Structures are given as C-alpha cells and as structure tokens.
Amino acid sequence: MALEISQASVEFPAANGRPPVEALRRVDLTIEPGDFTVALGASGCGKSTLLNLIAGFLAPSSGDIRLDGAAVEGPSADRSVVFQKHALLPWLNVIDNVAFGLKLQGTPKEQRYEVAEKFIGLLGLAGFEKSPVYSLSGGMQQRVGIARALTCDPKLLLMDEPLGALDALTRERAQELILRIWKDTGKSVFFITHSVEEALFMGTRLIVMSPRPGRIAHTFDLPFSQRFCDGEPARQIKASSDFVSLREEVLAIIFADEEEE
Ligand SMILES: Nc1ncnc2c1ncn2[C@@H]1O[C@H](COP(=O)(O)OP(=O)(O)OP(=O)(O)O)[C@@H](O)[C@H]1O
Ligand SMILES: [Mg+2]
C-alpha cells in the first residue's frame with residue numbers, strides 16, 4: 001500500500017464572522033508500506049486536517065490523494081482511525097466493540113468473534129470480552145479502540161493522539177505495544193502526537209508541521225523504533241545521546257514557531 005498526497009490544500013471558508021482558514025497549503029507526503037509516519041507540530045498546524053484527508057472524512061480544496069494509485073474519495077475499511085478519545089460504544093461489551101466494524105461489513109457473528117478474539121489477545125485484553133467498556137481503565141479502553149481498528153485489517157492505521165490521555169507509565173507501555181503490533185502486522189501507520197519524545201521513539205519518519213498556513217516544514221528519518229524492534233530497551237533508546245540531541249533539535253524548531261505567534 002502506498003499513499004500519495006500531492007499538492008493538497010484545505011481551506012475552510014469564513015464562518016460566524018471568522019476569516020477563512022488555510023488549514024493546509026500544498027502538502028506533499030508519501031507513505032510507503034510499513035512506514036510509521038509521525039506528525040508533530042503546534043496546535044492548529046493542520047495535523048488532524050491531514051489525517052482527515054487521508055481517512056477520507058474531508059476532501060482537499062485542491063490537490064490529490066491516492067491509495068495504490070486510486071483516488072481517495074471517502075472513508076473505507078482500508079483505512080482505520082483511532083481517535084484521541086476512544087469513541088467506543090458504551091452500551092456494548094468489549095468483544096462487541098472490537099467486532100463492530102466487521103458487523104457493519106456483514107461478517108457473520110461466529111467469524112467476527114474469532115477475529116475479534118485474536119486482537120483482544122494481541123492487546124492484552126483476554127478475559128475482558130464480556131466486560132462493559134465503561135468498567136475498564138482509560139488505557140484498556142484505548143486498547144479496545146486499537147483492537148477495533150485492527151479487526152478490519154486496514155492497510156493504513158490512522159491515529160490522532162491516541163495516547164494523549166494516558167498516564168506516563170501506561171503511555172510508555174502502550175507505545176511499546178503499538179510498535180510490536182506494527183512490526184508483527186506490517187501495517188503502515190500515520191500517527192499524531194504532541195510529545196516530541198513519543199514522536200521520535202515511534203516513527204520511521206517524522207514530519208514537523210507549521211501553522212498559518214498549515215504545512216510540512218521539516219522531515220526527519222528516524223532509526224529508533226527499528227532499534228526497539230531489534231531488542232534495545234525503550235528507556236535506553238530514549239536516554240541515548242543521538243535521541244536526546246535530535247529531541248532538542250526538534251523542540252527548538254517547535255519553540256521557534258511558537259515565538260513567531
Ligand atoms: N471544520 C472546520 N471548520 C473551520 N476551521 C477548521 C475546521 N477544522 C479545523 N479548522 C481549523 O484549521 C486549522 C487546523 O486545524 P487542525 O484541527 O487540523 O489542527 P491540529 O494540528 O490537529 O491541532 P491540535 O494539535 O490542536 O489538534 C485550525 O486553525 C482550525 O481552527
Ligand atoms: Mg488535532
């Protein structure tokens with residue numbers, strides 16, 4: 001699966017007395033199979049707008065988005081989204097939440113439960129199949145959301161600040177879990193975060209975006225997630241000198257953007 005965005009712009013028209021917003025200007029981005037692309041940048045720089053374009057929730061004002069050569073014209077099961085807040089269905093238990101996308105696709109119950117069980121196991125939720133989702137901790141609910149996104153076997157997993165609401169320890173565990181799933185399934189990921197450390201640790205490529213107009217200002221290739229998958233401990237990676245110096249470089253770019261405000 002290759003996703004190709006070329007010269008995509010998004011302008012939201014003037015509304016309620018506010019001027020029009022140039023949320024994205026002439027963005028070029030390619031996501032190759034197995035890429036883990038992370039987007040970072042100040043609030044309002046167009047990260048979610050870019051994700052919504054890829055998801056097909058939003059059409060570009062101009063420019064082009066293609067998946068394996070075919071124009072993206074709307075949402076589809078080949079692109080699953082994990083939101084910042086899990087967006088689970090509170091009246092359903094864990095397994096029915098995880099299997100929900102398959103139900104929408106008309107998959108028979110026995111078969112969708114079988115697939116759901118696989119991802120419930122992969123995300124460490126075995127034993128909680130029949131639990132109502134409101135009885136789970138925030139970290140478990142977020143894992144249910146990730147399991148649900150994976151059951152439809154998407155080519156591309158889109159994650160908009162999926163770990164933002166978690167405490168520090170749960171967040172680090174969830175980062176490692178997502179990297180293991182990424183490696184095991186070979187999926188492509190587009191991941192948004194506000195944490196520079198998380199961005200550097202998770203991605204194979206980092207795009208740093210700038211606001212007004214929203215655009216990709218810098219791109220970095222990253223070695224750290226591969227080092228983790230090769231067996232190096234996460235904390236050792238995050239404390240290493242090359243990680244720390246890149247973290248400071250990226251922070252300086254983001255702070256410079258904020259000072260221009
Ligand atoms: N539906 C909309 N109508 C009008 N303006 C919008 C709409 N959605 C986003 N915008 C504007 O477009 C710009 C980019 O918004 P976007 O949500 O993509 O930013 P973001 O980088 O995801 O920010 P955050 O880090 O706060 O989530 C902002 O100025 C926002 O106010
Ligand atoms: Mg956003």
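A residue is called buried here if 20 or more other C-beta atoms, placed from the backbone, lie within 10 Å of its own, exposed if 12 or fewer do, and partly exposed in between. This is a predicted model, in which local features need pLDDT of at least 70 and side-chain atom pairs count only at pLDDT 80 or more, while totals for chains, interfaces and linings use all residues. Residues are numbered from 1 along each chain as its sequence is written.

Begin with helix α1, residues 47-55; helices (H or I, at least four residues) and strands (E, at least two) are DSSP runs, numbered from the N terminus. Eight of the nine residues of α1 are buried, among them Lys 47, Leu 50 and Ile 54. Select next Gly 56, which follows α1 and has a positive phi, near 90°.

Now display the open sheet of four strands, in the order β2-β1-β4-β5 with antiparallel pairing; two strands pair if DSSP finds at least two bridges between them. Strand β1 (residues 3-12) is joined to β2 by seven bridges, and Ile 5 stands opposite Leu 29 in β2. Because β2 (21-31) and β5 (70-71) are edge strands with a single partner each, one side of each has no neighbour in the sheet.

Finally, colour domain 1 (3-78 + 156-259) and domain 2 (85-153), whose bounds come from an automatic or database domain assignment. Their C-alpha centres lie 25 Å apart. In domain 1, 10 residues are in contact with 11 residues of domain 2, contact meaning C-beta atoms, placed from the backbone, within 7 Å. Helix α6 (residues 168-185) gives the most to the domain 1 side, with four residues.

How values were computed. Chains lettered and ligands numbered in written order. Contact = placed C-beta atoms within 7 Å.
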